Amino acid sequence: MTQTNAVTTETDAALAVLRSMVGIADATVERGTAGLTLTQFRALRVVAERTPVTMRRVAVELGLNPSSVTRACDRLEAAKLLQRAANPLNKREILLAPTARGRRLVDRVDHDRRSVLADVLDRMEPRAREQLARVFGAFADAAEAALHPGADTAR
């Protein structure tokens with residue numbers, strides 16, 4: 001097998017895994033969020049993980065333009081999943097934080113995702129699961145470095 005074919009095969013395998021993971025992400029968001037889009041849920045997750053956070057920071061984290069994030073956050077606020085407050089240190093900035101309901105939703109989706117992933121992993125041989133954990137760790141590090149060049153990606 002030539003180098004090009006090996007890379008194509010590896011890329012195709014990674015693409016197949018990506019499709020499976022996106023399918024899991026979509027299914028767990030659809031089941032647990034009563035109509036939120038994946039983008040809205042991703043915005044809520046960033047807010048929950050980075051609280052308090054600015055709209056600009058959410059846009060940077062998601063790689064989206066600020067107007068898309070504003071619309072997503074408007075919907076999250078209307079659904080009582082997110083709250084906004086003026087930044088006491090900079091009156092021009094709005095800080096975002098999840099409501100208790102928003103935090104419970106993120107936790108529930110995470111629980112559902114862990115459950116689905118555990119079911120998938122249970123279908124694999126123990127040795128393959130061990131190898132997968134190492135490979136996924138390396139992949140996550142490499143993906144973070146590719147998506148955020150120059151950022152501190154050490155875990």
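**Why these labels?**

Guide: R101 is partly exposed, with a relative accessible area of 46%. Keep in mind that this is a predicted model.

Visitor: Where does R101 sit?

Guide: You'll find R101 in helix α5, which covers residues 100-122.

Visitor: How do you know what span to expect for α5?

Guide: Take 1.5 Å times one less than the number of residues. With 23 residues in α5, the expected span is 33 Å, and from first C-alpha to last the helix reaches 33 Å, close to that expectation.

Visitor: Which residues of α5 are buried?

Guide: G102, L105, V106, V109, D110 and R113. Here's a handy bit of background: an α-helix has 3.6 residues a turn, so residues three or four places apart point the same way.

Visitor: What makes the patch on the surface one of positive charge?

Guide: Its members are K80, R101, R104 and R108, and Lys and Arg count as positive. To join a patch, a residue needs over 30% relative accessible area and no salt bridge, and like charges are joined within 9 Å.

Visitor: What about P52: buried or exposed?

Guide: Exposed, because P52 has 55% relative accessibility and the cut-off is over 50%. P52 belongs to the loop between α2 (38-50) and β1 (53-54). A cis peptide bond links T51 to P52, with omega about -15°. Also, P52 and N87 are 35 residues apart in sequence, and their C-alpha atoms are 9.3 Å apart in space.

Visitor: And why does G63 count as exposed?

Guide: Same test: G63 has 62% relative accessibility, so it passes the over 50% mark. G63 is in the loop between α3 (55-62) and α4 (66-78). From G63 to R31 it's 32 residues in sequence and 25 Å in space, C-alpha to C-alpha.

Visitor: How many helices and strands does the protein chain have?

Guide: Six helices and three strands, running α-α-β-α-α-β-β-α-α from the N terminus on. Of the 155 residues in the protein chain, 26% are buried.

Note on methods
Residues are numbered from 1 along each chain as its sequence is written. This is a predicted model: local features need pLDDT of at least 70, side-chain atom pairs count only at pLDDT 80 or more; totals for chains, interfaces and linings use all residues. Side-chain values use heavy atoms; hydrogens and water are left out. Patches are made of residues with over 30% relative accessible area and no salt bridge: like charges are joined within 9 Å, nonpolar side chains (Val, Leu, Ile, Met, Phe, Trp, Tyr) within 5 Å. Accessible areas come from the Shrake-Rupley method with a 1.4 Å probe; for residues, only the protein chains shown count as cover. A salt bridge is a side-chain nitrogen of Lys or Arg within 4 Å of a carboxyl oxygen of Asp or Glu. The place of a charge is taken as NZ of Lys, CZ of Arg, CG of Asp or CD of Glu. Helices (H or I, at least four residues) and strands (E, at least two) are DSSP runs, numbered from the N terminus. Buried means under 20% relative accessible area, exposed over 50%, partly exposed in between (1.4 Å probe, protein chains only).
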